[in-house]
Amino acid sequence: MRRVWLRPLLAFLAAALLLLLAATGVMYVVWTRDLPSVDDVDLLALGGETRVYDRKNRLIGVLTPSLSSGAVASGNLLELGEISQPLRKAVVSSEDRRFNTHRGVDLIGVSRGLLKGLFFGDLEGGSSITQQLVKNTLLEDLNAERTLERKFKEAVLASRVEKNFSKSQILAAYLNVVYWGKTDRHSIVGIDQAAHAYFGKEAAQLNLAESAYLAVLIPAPNSRYQKFEEFRPLTRNLLNRMVEDGSVTQAQADQAWRTPIYPAGWRIGWNADGSVRGAVLENPGRLEENLPARPPQVAFHYLQAVGRELVAQLGRKEAYSSAKIVTGLDLDAQLAVEKAAREAQLPAGATLGMAFVDPANGEVTAMVGQQLDGSRPADWDNATQSRRQVGSSIKPFVYTLALSQGWQQSDTVLDAPLSGDYQPKNYDGRWLGRPVTLRYALDHSLNLPTVRLAQEVGVDKLEGKLTQLGFQVQPNLGLSLSIGTLEASPLQMASAYAAFANGGLYRPATFVRQVIDEQGKVVYRRPKVPAVRVWDERTAYLGLDMLRGVVDDLSERQGGLAARARIEGWPVGGKTGTTNDIRDLWFAGVVPGVAGAVWVGREDNQPLPSWAYSGTVPAPVWQNAVRGLLGQRKPQDFAVPQGIAFATVRHINMAFLSEKLRGAADGAPSAGSGATPPAPVTDAAPAAPEPPVTTQPKTVPALPPETAPDSWPDAPAPAAPPPEPDILPPEQSQPDLMPPAAPAVPEEVPTPETDFGAPATPADPLPLPDLNDLQNGAKQAWEDTQRAAEERVREGLQQGRDQASDGLQRALDQAREQLQQLPQNVPQANP
């Protein structure tokens with residue numbers, strides 16, 4: 001009977017085992033193809049030795065390893081002998097009791113973790129110290145994932161690490177990369193920082209009580225630090241385990257339990273038996289105060305970015321063990337940008353991120369990831385790692401896309417509410433109710449015309465263009481994409497704006513030029529990546545001209561959004577950007593040879609004060625940084641490509657395609673003549689006059705009257721000029737005018753004698769005309785003509801005023817009706 005059911009059971013188990021082995025083989029083949037080399041683990045012994053230089057071969061600093069958490073490994077990497085023995089034992093008993101016996105993977109721990117995942121859906125747990133080391137140094141991209149793939153890769157790499165390193169090396173490396181919490185500004189990484197932060201002492205000085213406390217913190221250091229009494233029993237449990245493991249005696253464990261400890265920031269009352277009488281967290285800022293003072297590092301976040309780029313190209317070991325790295329940074333520019341970051345006037349609680357690139361090659365010339373105050377910056381890099389909504393700083397791409405499709409700056413688009421479910425508003429909630437030029441709409445950062453223009457050029461085409469410019473466009477943004485719901489970093493924005501300054505070519509941002517090993521051999525040279533042609537050269541210049549208009553067309557008193565970005569002697573183009581609730585403030589811009597962007601905001605994404613504007617907060621920071629970055633360079637202008645001409649339209653100097661101006665001058669149909677390309681716009685109220693835009697005009701040829709009207713499209717047409725009189729008026733007659741010549745007198749000839757014998761006499765000469773009568777008649781004719789012309793002009797002006805008054809009244813009435821019908825509280829992107 002027993003054999004009857006035993007045989008099928010054995011067959012089932014054998015089949016399951018074969019299936020498991022087959023699945024394991026498949027996972028091994030698929031998941032281990034691109035695993036990093038375990039030799040990279042020894043980078044922790046090499047940290048801080050790689051020297052980094054700028055583009056002029058000036059030393060910037062040394063490269064320090066970064067970890068998968070985004071934090072930077074401790075600058076003071078300790079050998080195992082520099083760490084107290086109680087701490088080493090406490091960590092082993094807490095994190096991996098079988099560390100000294102397994103070969104990288106604790107099968108008992110893994111089994112326990114698999115059962116936990118099977119019954120509770122959580123694949124965490126069961127990781128050995130070796131696996132945790134692998135996770136923190138080799139598997140950055142999978143660090144936060146709770147997947148079978150990550151656990152499998154950890155196990156494979158852990159086994160390889162065990163074959164290449166001793167237990168002492170593995171434990172020392174692990175203790176140098178363990179995350180032990182964070183302060184307001186910095187992460188606490190490695191036992192050196194943890195010993196100082198929590199107890200204000202060297203790692204070698206930690207006693208058993210303090211060591212047990214630090215070991216208990218490792219799984220969740222931030223929350224466990226905040227709740228001392230709640231997690232105090234875990235220390236007792238750990239001491240008991242250490243006794244069971246033979247790491248300490250019972251007497252030592254009991255003594256450690258009764259030893260008072262005072263983690264930084266806590267006020268604790270102790271009983272003699274080791275129980276807590278009371279505990280109050282008075283000053284968590286003490287953690288930051290206890291961290292060892294470190295001198296500020298020039299280009300701190302730039303060096304971190306260099307490390308990330310090289311790790312992706314070469315692997316961690318090569319990146320952090322090379323002798324020399326040459327970058328595209330300009331040390332003078334970096335110092336100027338850091339000075340601007342220290343001097344930045346920001347709202348309370350706000351920080352910044354800014355990046356500047358060389359448009360000619362895409363190299364990052366200067367970068368700051370935080371507002372600087374003279375101390376070591378916070379670890380997070382807002383210049384490259386943050387992704388925040390860009391607001392109206394995206395609008396130049398919308399308008400330049402329209403220019404690439406044949407629109408011109410002088411073309412018009414309606415500034416009025418849209419029909420349909422999506423109801424954006426202008427920043428101030430008002431609209432003109434009439435068409436405005438593209439130039440005017442961008443100068444004033446109007447949302448409604450921008451969204452209408454995006455409808456015309458196509459949202460799909462806009463998404464494609466932004467993708468070409470290096471942005472990752474989030475799905476399903478729709479028309480809101482055109483007014484700034486895209487998320488990007490300052491570095492991405494700087495690289496995209498650089499395409500305006502280099503003839504329409506986009507180049508991805510790069511940091512590293514080359515890497516040289518200890519023998520002087522170049523082991524890495526930046527590959528030549530072809531530039532992406534995003535705009536043709538002339539379109540790029542037209543977009544640049546509109547950017548310059550945002551800065552120059554209006555003074556600050558006239559409402560100029562970017563007037564504070566002007567730099568004396570230099571042509572500046574740029575655009576502001578503000579997001580809903582004033583959570584993000586942007587300015588991105590270009591000058592010859594430099595493109596850059598500045599973001600200001602709070603890292604917790606809370607709103608900024610209502611007085612903060614993009615034109616008054618990030619724009620001056622950008623201006624200060626670029627002015628210092630330019631240094632003593634001689635001012636220069638942007639190169640104007642062939643086929644570009646300039647004309648004054650509505651008192652604003654604009655750039656046009658030359659053939660457009662020629663076509664307009666010849667009377668051919670042209671959008672530049674004021675005609676608007678077909679656009680899906682709703683019926684609008686009669687147009688109201690567009691507010692005048694004033695600027696200091698350039699010395700350039702103006703459009704002919706029919707293509708460059710000074711009056712608005714809906715203004716009454718001027719009266720026809722009076723006809724030219726047939727006779728010049730006296731004041732226009734020439735001063736040396738002579739009377740008409742008298743008829744010639746015929747020569748005397750012999751005449752026959754009369755019957756009376758007397759000779760015949762010649763006929764009387766013709767009378768001369770009276771000059772005074774001629775002049776008086778001409779004067780009277782001129783006066784009559786002038787009076788008639790003036791009367792026609794007065795009649796035309798009166799008729800025009802009547803029409804304009806009636807039209808304006810109708811526009812106001814319809815606007816009021818539309819306003820009453822609009823939904824309230826529509827989300828906006830702001831200028």
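Q: Which helix and which strand each supply at least two residues of the lining of the second largest pocket?
A: In this predicted model, local features need pLDDT of at least 70 and side-chain atom pairs count only at pLDDT 80 or more, while totals for chains, interfaces and linings use all residues. Residues are numbered from 1 along each chain as its sequence is written, and side-chain values use heavy atoms, without hydrogens or water. Helices (H or I, at least four residues) and strands (E, at least two) are DSSP runs numbered from the N terminus, and those that each give the lining at least two residues are helix H17 (438-443) and strand S18 (573-578).

Q: What volume does the second largest pocket have, and which residues are the closest to its centre?
A: A pocket is an open set of points on a 1 Å grid over the protein atoms alone, with protein on both sides within 12 Å along at least five of seven lines, for a 1.4 Å probe, and lining residues have an atom within 4 Å of a point. The volume, the space filled by probe spheres set on the points, is about 700 Å³. Of the 28 lining residues, the closest to the centre are Asp-428, His-444, Leu-446, Gly-559 and Leu-561.

Q: Which residue in S7 stands opposite Val-52?
A: Strand S1 (residues 50-53) runs parallel to strand S7 (residues 324-327), and three bridges join them. Across from Val-52, the residue in S7 is Ile-325.

Technical notes
Pairing = 2+ DSSP bridges.
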